[in-house]
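This report goes through a structure one part at a time. Please keep the sequence and the model at hand while reading.

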Amino acid sequence: MRRMKANDVILRTVAKLVVFIILAFAAHLFFAGHNDPGGGFIGGLVTASALVLLALAFDLKTVRKVVPVDFRIVTAIGLLVAVLTGVGSFAFDQPFLSHTFAYKELPFLGKKELATAVLFDLGVYLAVVGVTMTIILSIGEDR
Amino acid sequence: MSFMHLAVAAPFAYAAIVPLLHRSFPRVHTGWFVLPLPVALFAYWLSRFAVVRSGVGEEARLSWIPSLGIDLSFHLDGLSLLFVLLITGIGGLVTLYSIFYLSKTKERIGRFYVYLLLFMGAMLGVVLSDNLIALYAFWELTSLSSFLLIAFWHQRERSRYGALKSMMITVLGGFAMLAGFVLLYIMTGTYSVREMIPQVGALASQPLFFWAMALVLVGAFAKSAQFPFHIWLPDAMEAPTPVSAYLHSATMVKAGLYLVARLTPLFGGTSEWFWLVSAFGLATLFWGSFQAVKQTDLKAILAFSTISQLGLIMCLLGLGSAALAFEGNVSDVYVLAMTAAVFHLVNHATFKGALFMVAGIVDHETGTRDIRKLGGLAAIMPITFTFAVVGAGSMAGLPPFNGFLSKEMFFTGVLNASRMNFFSMEAWGALFPIVAWTASVFTFVYSAVFVFKTFLGKAKPEQLPTKPHEAPLGLLLPPAALVSLVVAFGLFPDIASYYLIEPALASIYPSLLAPGDDFHVHISFWHGWTAELFMTIGVVAVGSLLFWQLRRWLGVYGRLPRQWSLNALYDGALEGLERGSARLTNAYMTGSVRHYLLYIFTFLIAVVGYALYRTGAFGAIDPGYPGYAPICIYEAMLVTATLLATLSVPFARSRMTMIILVGAVGYMVVLFFVLFRAPDLALTQMIIETVSVALFLLCFYHLPKLRKETTSRRFKLTNAVVSVGVGAIVAIAALAASGTNGFESIADYYLEESYHLGGGKNVVNVILVDFRGFDTLLEIMVLGIASLGIYAMIKLRAPRQVDRKGDSSNES
């Protein structure tokens with residue numbers, strides 16, 4: 001990550017393309033998690049790996065510019081979302097972290113399953129992305 | 001909450017406001033504020049005479065921890081009243097004395113009176129408590145306040161040493177005593193002494209009886225400075241003299257005597273109690289009086305004298321307990337010994353308190369307590385001299401002082417003991433009068449030393465730090481009061497016997513009295529030409545001779561090697577304990593993490609192995625268990641590959657190889673997950689393994705070159721043995737566990753209900769986010785904390801130089 005080659009056009013070009021594929025795969029993993037292998041954890045890790053690829057192909061500054069967020073805050077938001085989905089069940093007089101689901105007719109998408117568990121998984125996803133990126137960025141930016 | 005409770009609580013409450021008074025009125029000596037309290041308490045307790053005399057006593061109960069049978073139940077009877085009067089009476093005199101003894105500008109008198117009041121309250125609690133746990137609590141409070149008082153001049157090294165020594169020994173005794181009390185509770189089911197006494201008949205046959213007795217006696221002996229626990233008392237003489245007079249002659253050291261007397265109805269009448277108490281008392285009596293002669297410091301003489309006199313009383317308490325072994329008239333002979341014990345207890349408090357105050361006056365007015373520098377003070381300090389003569393005369397057992405009477409009674413007691421025909425006294429009984437008589441001779445000698453070397457002979461004013469002169473009236477009043485008591489009890493002993501001794505005896509021997517009857521004690525000055533009188537004459541004659549020839553035989557003391565003394569033993573034991581534990585700790589706390597891991601793993605092997613052995617799990621391992629799945633070829637291949645990769649890790653020569661090998665193991669585990677149909681795990685494991693290998697490589701980049709192992713071959717061998725052992729034991733545990741499937745798995749529930757209840761077909765995910773989402777919530781929290789930790793460690797790192805400085809300052 002430190003010593004960049006002066007001219008790595010191929011890497012950069014491929015990276016530009018592949019990052020979106022990886023991100024799409026991550027989104028798929030995340031949404032498919034409820035019924036197929038995948039979920040917030042893996043989705044988060046794959047998303048992070050896409051960002052790492054960017055960092056490898058370009059450098060950390062570019063990643064910061066492309067994704068101008070503080071990943072520690074992302075972790076915090078993830079934790080907050082997870083906790084709030086749990087707290088939300090209190091509003092319906094249910095124990096902490098009770099989930100529910102329903103099948104609804106959505107515009108454009110048709111009949112789809114909507115589960116509150118996905119919200120919780122979103123918290124997991126954000127937390128994992130934040131954690132992984134915080135670790136890698138802070139180690140990578142060291143010296 | 002009765003008035004009795006208030007009276008005990010008063011010193012504690014007063015101790016809380018003394019510092020305020022001290023600060024608010026700096027120009028008045030704080031002692032003047034304190035003085036009214038013991039005086040008022042003394043007057044209050046005096047007014048209870050009639051109640052106690054009638055044999056009823058007074059009771060008050062206050063709940064403390066009722067569920068454990070612990071309460072603050074106080075009971076005032078003859079024995080308690082005797083002690084209560086000693087504590088408050090001498091407490092008042094000592095307070096008055098300390099007002100003139102301690103300077104209000106140079107000393108921290110605010111603290112002094114706080115400690116003194118704490119002690120007074122604790123001591124009142126000890127002698128009034130009927131509940132043994134409450135008694136123990138007050139008992140330890142006396143140890144604590146005594147510790148504080150001994151180290152009052154804490155800038156002196158000797159004071160701190162003496163305080164620590166007394167603390168160690170008395171607290172050791174206190175713990176033993178607590179254990180004894182608990183044993184008593186186990187046997188009787190109550191902590192109340194008065195409720196225990198009716199159970200005495202069944203008590204003696206209990207197997208714990210002897211241990212309870214021995215443990216309680218250790219506590220009493222340690223507190224009352226009995227051989228071999230007496231060594232703390234001479235070192236406690238570093239305390240200010242009022243403290244020595246109060247604590248270490250009149251009250252605290254008598255707490256052990258009180259306890260022995262209090263528990264005599266429980267333990268008395270058995271031969272173990274008789275022998276332990278009287279033999280240790282006799283040994284202490286002799287050893288204390290023998291050691292007192294060689295001392296050159298006034299307070300040291302008095303300290304050993306106190307030890308010896310406490311031994312005398314203890315011995316009499318032991319002899320007196322024989323009365324409980326018999327019914328009828330025979331026992332009267334032994335009741336006499338108990339009478340002597342109680343009488344001498346009172347006498348000792350009076351004359352020893354006075355003598356300590358005399359020693360304090362001498363110290364105060366001449367600047368030294370060393371008898372080698374003192375002499376010829378009789379003409380300069382005639383009043384103090386008179387007190388000294390009376391006190392020492394009483395201590396030596398000369399007529400017409402009270403010491404004479406109690407010493408005569410003591411001789412009667414030991415002579416009776418020598419005629420005993422039970423407790424195997426036929427063989428040893430003759431020892432009692434001989435040892436007692438010898439000790440009395442030494443007592444006479446040191447009493448003479450105390451008076452003659454200090455007050456008679458040639459004056460040596462040039463050796464004294466200050467110019468001696470008679471003490472002020474305030475210093476003289478308290479010893480005057482005590483000395484007049486010495487003479488009063490000497491001339492009219494029946495006052496003491498009617499008011500103090502008879503009720504006290506009634507509470508020591510509750511079973512010997514017919515209802516409505518009293519003990520009738522009559523102490524007469526002249527009782528004819530008896531053996532006791534000839535013994536006293538012999539004491540005076542031989543004692544005078546020995547004192548006259550003192551210089552010739554003082555060399556005897558040099559004969560005993562120093563390292564054999566009990567002090568050397570105590571110091572050596574303490575030092576050995578410290579050094580031994582340091583060596584032990586250094587032996588295994590090496591600071592090497594490898595060693596600690598070795599201990600942990602060895603312990604794991606031992607504990608798990610033992611548990612498997614005890615539960616018979618080794619036998620449960622069954623190779624043909626039907627629950628085992630058949631092994632397929634992929635599994636066999638994977639296992640082989642994993643094993644190869646794992647086994648090569650310890651033999652790798654570079655870190656890079658190690659990291660790659662560990663990564664290989666990780667990817668092998670991915671394949672295992674695939675093989676065992678866990679797609680979520682496989683995915684996660686693959687990504688996590690990649691990330692961790694990358695992190696390893698990052699670390700690798702910063703690490704220094706791999707160094708050659710410096711550990712010895714033997715240590716490596718131990719490592720190998722332990723690691724193989726851990727592997728084996730875990731494998732055995734796993735095999736044994738799988739072979740004994742006790743319960744049905746709950747997995748079926750999840751498989752069935754996942755879609756139905758969770759709305760998802762991915763059971764793993766539904767479990768993670770729905771069924772057991774709480775775990776996941778906390779796990780992502782763990783991840784968040786880890787990331788913040790890494791961020792903090794890297795970003796918030798202090799600059800290098802500061803780091804190094806911090807390190808060096810830690811090391812130095």
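## Basis

This is a predicted model, in which local features need pLDDT of at least 70, side-chain atom pairs count only at pLDDT 80 or more, and totals for chains, interfaces and linings use all residues. Residues are numbered from 1 along each chain as its sequence is written, chains are lettered from A and ligands numbered from 1 in the order in which they are written, and side-chain values use heavy atoms, with hydrogens and water left out.

## Chain A

Chain A contains five helices and two strands, arranged along the sequence as α-α-α-α-β-β-α. Helices (H or I, at least four residues) and strands (E, at least two) are DSSP runs, numbered from the N terminus. The C-alpha trace of chain A spans about 60 × 35 × 25 Å along its principal axes.

Chain A has 143 residues, of which 43% count as buried. Buried means under 20% relative accessible area, exposed over 50%, and partly exposed in between (1.4 Å probe, protein chains only). Of the contacts (heavy atoms within 4.5 Å) in chain A between residues at least 6 apart in sequence, 60% join residues at least 24 apart.

## Interface of chains A and B

In this interface, 40 residues of chain A are in contact with 38 residues of chain B. The two chains bury about 3,400 Å² between them, and carbon and sulfur atoms give 70% of that area. Buried area is the accessible area (1.4 Å probe) that two parts lose on being put together, summed over both.

Nine residue pairs are in polar contact between chain A and chain B, both residues being at pLDDT 80 or more. A polar contact is a pair of N or O atoms within 3.5 Å; within protein, one must be able to donate a hydrogen and the other to accept it, and residues adjacent in sequence count only if both atoms are side-chain atoms. On the side of chain A that touches chain B, the elements giving two or more residues are α2 (40–57), α4 (71–91), β1 (101–106) and α5 (116–140) of chain A. α5(A) gives the most to that side, with 12 residues.

## Helix α1 of chain B

Helix α1 (residues 3–24) of chain B has 22 residues and reaches 29 Å from its first C-alpha to its last, close to the 32 Å expected at 1.5 Å a residue. The expected span is 1.5 Å times one less than the number of residues. α1(B) bends by about 35° at B:Ala9, and B:Pro11, a proline, follows within four residues. The bend at a residue is the angle between axes fitted to the seven residues ending there and the seven starting there.

The buried residues of α1(B) include B:Met4, B:Val8, B:Pro11 and B:Leu21. Among the elements of chain B that cover the buried residues of α1(B) are α3 (36–46), α6 (109–128) and α7 (132–150).

## Salt bridges

The whole structure has 14 salt bridges over all chains, a salt bridge being a side-chain nitrogen of Lys or Arg within 4 Å of a carboxyl oxygen of Asp or Glu. Across the interface of chain A and chain B the rule finds zero.

B:Arg158 forms a salt bridge with B:Asp235, with the closest N and O atoms 2.8 Å apart. B:Arg158 lies in helix α8 (residues 157–188) of chain B and B:Asp235 in helix α12 (residues 232–235) of chain B, so the pair ties together parts 77 residues apart in sequence. B:Arg158 is partly exposed at 41% relative accessible area, whereas B:Asp235 is buried at 10%.
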